[in-house]
Amino acid sequence: MEEKGSERSVLYFFLALFCVALFLSWNLIAPFFSIIILGTVCAGVFAPLYRWLNKKLGSPFSSLLVCLVIFFLILVPALFFVGVLSKEAYDLYLMGKNTVFSNQLKDIFNETRFLDKLNTFLTSVGIEKRVTFDQLISPVSELGRIVGFSLFEKASFVASNIFKFVFYFCLMLVVVFYLLMDGKRVIDYVFDLSPLPGEHNQKLFEKFTDIAGAVLVVNGLGGLIQGAAGGALFFFLGLNSPFLWGVIMGFLAFLPIVGIGLVFIPTAILLLLKKRIIAGIFMLVFYAVLSWGVEYLFKPKLVGDRVRMHPLIVFFAIIGGLEVYGILGLIYGPLIVTLFFTLADIYFANFQVLIEPGKLKKSD
């Protein structure tokens, strides 16, 4: 009994020390947690390129080449775009602040007698309250002012902290460099620490890899295609701030259900009100073809059946992620939801019968 009590005391003391060490270690890496997560995701995304290079070159040199590819593929264009984005975002802010956009819409509404027709229609369906111009347009102008100023602030922050931004990006590349070379050892070590069986650890790892690939590669490429095409169409039609709207559409493309329609449809309606009938119809057709092609041809062909998640769940995962984690919520949201559903699958397959024995009888 004394020996068992002594072993239990040693175990409790060890667990206390382990928790203290875990807490102190977390405090050390917490400031760089986002960098480590982004580095891990990037390493997983570019792992196929590393494996292909590693067949021809040595491991360190292959990892270095992949980091150079990431540097020139992501950082250099991002720094180039910051200046353009900052200028166009500030122009959008000024349009909302100085009521330039509101005055343009007011002229259009007066020419087309849009408000009179709208109020006549509302009266015919039993709604007596008249809609005024300010009620209709003020929220739109305010939204433009807020979005423009927010994007301008973020772009200006990056521009004014360029060395800090480059430093953190290089830290992420260091994480990518070592994970590409030693990723298998890190994964094996984490698997050994985990109390879950090996097949459960493997399932979690595969799900995370698939979701990371779907979010970053497939959605990223889809967003790039839709944002570039949308920005090019804005430029072709002579609309304001084509680069800014292209960036906004690129981010909106991550959202299922609504996506780039939040920009295309109001713009098409505005063109129709301006009596640019052909341009408005062309924009609606272009939006339908572009959205349908990317969502139902491009993405399914790349992803296949690896990632099965209802669009409504993805929508709220991304919206919630953006609300809680900012721009990184585009990645964190789907990953957190993936963790929950993967653990739920493991529970149903292995542990539900232990907690709810009656479930086995029902299924039999």
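In which helix does Leu 28 lie? Leu 28 is found in helix H1. Please bear in mind throughout that this is a predicted model.

Is Leu 28 buried or exposed? The relative accessibility of Leu 28 is 63%, and exposed means over 50%, so Leu 28 counts as exposed.

Leu 28 also belongs to a nonpolar patch on the surface, together with Trp 26, Ile 29, Phe 32, Phe 33, Ile 36, Phe 167 and Tyr 168. The accessible area of these residues together is about 740 Å². Helix H1 (2-29), helix H2 (33-45) and helix H8 (162-193) each give two or more residues to the patch. The largest share comes from H1, with 3 residues.

I turn now to a pair of helices. Two packed helices are described by the angle between their axes and the distance between the axes. Helix H10, residues 242-252, packs with helix H11, residues 261-273, at an angle of about 130°, and their axes are 9 Å apart. H10 and H11 are therefore oblique to each other. On the H10 side, the residues that meet H11 are Trp 245, Ile 248, Met 249 and Leu 252; their counterparts in H11 are Leu 262, Val 263 and Phe 264.

Finally, the chain as a whole. The protein chain has 15 helices and 0 strands. Of its 364 residues, 34% are buried. The chain exposes about 22900 Å², of which carbon and sulfur atoms supply 71%. Among contacts between residues at least 6 apart in sequence, 70% join residues at least 24 apart.

Terms used. Residues numbered from 1 in each chain as written. Predicted model: local features only at pLDDT ≥ 70, side-chain atom pairs only at ≥ 80, totals over all residues. Heavy atoms only, no water. Patch = residues over 30% accessible without salt bridge, like charges linked within 9 Å, V, L, I, M, F, W, Y side chains within 5 Å. Areas by Shrake-Rupley, 256 points an atom, 1.4 Å probe, with all protein chains shown as cover. Salt bridge = Lys/Arg side-chain N within 4 Å of Asp/Glu carboxyl O. Helix = DSSP H or I, 4+ residues; strand = E, 2+ residues; numbered from the N terminus. Buried < 20%, exposed > 50% of the residue type's maximum accessible area, 1.4 Å probe, protein only. Axes fitted to C-alpha atoms, helices over the stretch in contact; angles between N-to-C directions. Parallel < 35°, antiparallel > 145°, perpendicular 65-115°, else oblique. Contact = heavy atoms within 4.5 Å.
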